[in-house]
Amino acid sequence: MISKNRFINEINESFSALIFTYKNVGMDTLHYYYLDESELRRIQDVIRSGVFLLQTCNRVELYIHGDKARDKAKILLKYIEDLHHGKLKLNDTVIREGIEAIKHLFYVASGVDSIAVGEYEILNQIKCAIASAKKIGTTDRYLEKLVDRSLKVGRVARTKTNISKGKVGIYSLALEKIKEVVENINSVEILILGAGEIGSKMSELLYKEGVKNVTIMNRTESKAVELAQKYGYKGIKLDLSKIKDYDVAISAISGIREKIELTDNKPKVMVDLSVPPLFAGNNVLTLSDLQDFSTMNMANRLEELPKIDKIVDEGVNEFIEDYMKEIQNEIISKMLNNVEKIREEEVNKAKKELMKR
């Protein structure tokens, strides 16, 4: 019987995480660390290990499983540096190893490490990230076990604590700040720039709030129309010159190199959820601003952190058990395969002997 401590030592050697978030590299430079599908495939070719990428508007995190995982994290860091030379703040990089890497993912899933502490969106983002990793073949079954356990930890944290009590998500927080600026959100014209994940979330949130005067702009007009029709809104092609026609604008687009200066207090409020921020002006709220507002309102949720610590520690112990079972199943499978191979060889020998007679 292999001891539990040996499995823990093996976990510490075979898991690592490379972490870039709004905390250590800042919102203004985080987009430089973003990786596309082809880059992720090349990363796996470089380190020849399982890789899981969790990439959101406020984090880029790479989880690695394989021999000498810390060394591979350093190789990966050098690769990313070469990929985006001169734009990265690599001195601020965080590398976590073994149990600490696992704990970090569990805290992320619990909502503790989010801009809006306790938000729910991260759970779906983790699900989508592992589905993508499976689709392109960069993950392995040990990382999949880790992600599965992180989702369970995240759900337990929200059912057994008040970490997610009240309106905690970035999108909900954005809506609350809009309502502070405009007297009646149902009497103003609202524009959403972008029909992707963020645009979809904000559209759904406004719809549930009962807001009807919403227009969705997108580079591909058909996507704007498709999303708009879902909620009875209007969908049109992206035209930044029309922003001033609206009272409220929410930006969720990227790919524009120069910042756009808003003047004349029109729209009355611009919520810029783009990374990096695209708009500037006195009436612009960015993700960093929303982070500040969230921090001021999170005192009650922080009281839940000791409970979260306990849930995360329990999750780590459960993952160690998951890992032990996976290793043991692998050993048993190899043994059975060897037994079957030996049986086949013996049967073939017996057949040959019979044929000689």
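Contact is taken here as heavy atoms within 4.5 Å. The model is predicted, with local features requiring pLDDT of at least 70, side-chain atom pairs counted only at pLDDT 80 or more, and totals for chains, interfaces and linings using all residues. Residues are numbered from 1 along each chain as its sequence is written, and side-chain values use heavy atoms, with hydrogens and water left out. Helices (H or I, at least four residues) and strands (E, at least two) are DSSP runs numbered from the N terminus.

Six strands form an open sheet in the order 7-6-5-8-10-12, with parallel pairing; two strands pair if DSSP finds at least two bridges between them. Strand 7 (234-237) and strand 12 (284-286) are the edge strands, each with a single partner, so one side of each lacks a neighbour in the sheet. From one strand to the next the twist averages 20 degrees. Axes are lines fitted to C-alpha atoms, for helices over the stretch in contact, and angles run from 0 to 180 degrees between N-to-C directions.

Strand 5 (residues 190-193) runs parallel to strand 8 (residues 248-251), and four bridges join them. Within this pairing, Ile 192 stands opposite Ile 250 of strand 8. Helix 8 (residues 197-208) packs on the sheet, touching strand 5, strand 6 (214-218) and strand 8, and its direction makes about 155 degrees with that of strand 5. Helix 7 (residues 170-181) lies across strand 8, strand 10 (269-272) and strand 12, at about 170 degrees to strand 10.

Helix 4 (residues 98-109) is mostly covered, with nine of its twelve residues buried (under 20% relative accessible area, 1.4 Å probe, protein chains only). Among them are Ile 99, Ile 102, Leu 105 and Phe 106. Gly 111, with a positive phi near 90 degrees, follows helix 4.

Key:
Buried < 20%, exposed > 50% of the residue type's maximum accessible area, 1.4 Å probe, protein only.
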